[in-house]
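Subject: Structure handover

Hello,

Here is the structure we talked about handing over. My notes on it follow below.

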Amino acid sequence: MSSSATPCSAAPAPPHVVEDCFGVVQLLSDGTVRRSTDYSALPLVGGVPPDLPVEWKDVVYDDTHGLRLRMYRPTTTGGGGGGEKQRKLPVLVYFHGGGFCLASFELINFHAGALRLAAELPALVLSADYRLAPEHRLPAALDDAESAFSWLRAQATASPAAADPWLAESADFGRVFVIGDSAGGNISHHISVRHGSGRLPLGPLRLAGCVMFWPYFGGEEPTPSEAASPPGEPLGTALFDQMWRLALPPGATKDHPAANPFAPGSVPLGDLGDDFPPALVLDPDQDALHDRVADYVARLRAAGKAVELVVFPGQGHAFFVTEPCGEASDELIRVVRRFVHGG
């Protein structure tokens with residue numbers, strides 16, 4: 001009687017890393033995502049501004065997804081108690097950057113910037129988190145931003161007993177601004193478009209302005225400044241392309257409407273009504289996105305939209321995040337203060 005050995009089938013290869021973004025987010029070949037909370041690879045120069053007269057607290061704005069925002073209120077303008085006559089403040093709904101893949105309002109860089117905006121404008125700042133890719137690909141972040149505004153709208157119409165006391169005491173709901181840096185700037189654009197197209201009604205809120213710091217847009221056709229970005233540039237085209245691969249729906253290109261506001265499927269700017277708010281765009285001229293941002297502003301103007309462009313010479317992408325207390329950030333605060341308060 002003879003016997004033969006059955007050949008062993010080869011064990012499947014273990015999943016390997018397909019994308020690695022700062023070591024914070026790793027996408028594996030089997031679709032698994034590894035996420036770290038160690039953001040030490042991101043630079044911060046100068047630390048958090050000391051002794052700013054601001055109080056803050058965290059609030060849940062979306063129970064379904066467990067999404068929170070951090071509310072910042074200056075304490076020296078009648079908004080923080082002490083028996084002073086209450087002064088109503090403009091409301092800035094801020095969305096952080098990170099390529100739709102990274103970060104949170106809790107990150108010290110974004111906390112520092114929000115402290116400065118609240119204290120030095122002054123304003124009531126709502127710094128909102130949103131679901132991150134690749135676990136939650138676009139348009140999840142845009143839908144979450146819409147939910148944040150719907151929550152704020154509900155606050156404006158709530159009874160005094162049901163409304164958040166800081167908002168009831170301090171918020172001027174007739175002066176609401178959507179504001180964000182990089183991916184948050186992209187979100188600010190899309191919120192303004194949704195409102196301007198009638199998809200996102202906000203009354204009794206009034207969306208008084210849209211502020212975009214170096215908005216993170218993309219497209220399949222590279223601009224000259226994107227093409228000139230060196231492969232090893234820390235915040236350059238190679239990183240931006242990687243983040244689009246992680247953030248966009250599977251199989252989508254950078255001409256997806258979430259990335260390219262002028263791609264097929266995007267709402268034409270000329271079709272937007274008067275509810276599309278005046279815009280302020282901040283553009284560091286050393287940013288790989290410099291030419292794309294300039295083109296965006298030119299197309300806004302061609303569509304008859306009110307837009308102010310302020311270029312920051314010698315600065316790169318995300319300078320307000322990496323150095324929130326630097327000289328360029330001081331000027332950024334002055335520019336935003338003028339736009340929000342006038343004069």
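Ring pairs link Tyr 94, Phe 213, Trp 214, Phe 312, Phe 319 and Phe 320 into a cluster. Rings of Phe, Tyr and Trp (its six-membered ring) pair if their centres lie within 6.5 Å; planes under 30 degrees apart count as stacked, over 60 as edge-to-face and the rest as tilted.

Before the rest, two notes on the source. This is a predicted model, in which local features need pLDDT of at least 70 and side-chain atom pairs count only at pLDDT 80 or more, while totals for chains, interfaces and linings use all residues. Residues are numbered from 1 along each chain as its sequence is written, and side-chain values use heavy atoms, with hydrogens and water left out.

Aromatic rings

A search of the whole structure finds 14 aromatic pairs. One of the pairs is edge-to-face and is formed by Phe 177 and Phe 339, at 6.1 Å centre to centre and 65° between the planes. Phe 177 lies in strand S8 (residues 171–181) and Phe 339 in helix H9 (residues 327–341), so this pair ties together parts that are 162 residues apart in sequence. Helices (H or I, at least four residues) and strands (E, at least two) are DSSP runs, numbered from the N terminus. Both Phe 177 and Phe 339 are buried. Buried means under 20% relative accessible area, exposed over 50%, and partly exposed in between (1.4 Å probe, protein chains only).

Ser 229 and helix H6

Ser 229 is in the loop between helix H5 (224–227) and helix H6 (237–247). Its relative accessible area is 12%, so Ser 229 is buried. The side chains of Ser 229 and Glu 233 are joined by a polar contact of 2.4 Å. A polar contact is a pair of N or O atoms within 3.5 Å; within protein, one must be able to donate a hydrogen and the other to accept it, and residues adjacent in sequence count only if both atoms are side-chain atoms. Apart from neighbours within four places in sequence, Ser 229 is in contact (heavy atoms within 4.5 Å) with Gly 236, Thr 237 and Ala 288.

H6 itself is mostly covered, with eight of its eleven residues buried. Among them are Phe 240, Met 243 and Trp 244. The cover over the buried residues of H6 includes strand S1 (17–21), strand S2 (25–28), helix H4 (183–196) and H5.

Helices H2 and H4

Where do H2 and H4 meet? Residues of H2 including Ala 141, Leu 142 and Phe 149 meet residues of H4 including Ile 187, His 190 and Arg 194.

Backbone

Most residues other than glycine have a negative phi, and most peptide bonds are trans. The peptide bond from Leu 138 to Pro 139 is cis, with omega near 15°, and Pro 139 lies in the loop between strand S7 (124–128) and H2. Gly 203 and Pro 204 are also joined by a cis peptide bond, with omega about 10°; Pro 204 lies in the loop between H4 and strand S9 (207–213).

Phe 100 is not a glycine, yet has a positive phi, near 70°. Phe 100 is in the loop between strand S6 (89–95) and helix H1 (108–120), and is buried with a relative accessible area of 2%. Ala 103 is in the loop between S6 and H1 and has a positive phi near 85°. At 8% relative accessibility, Ala 103 counts as buried.

Regards
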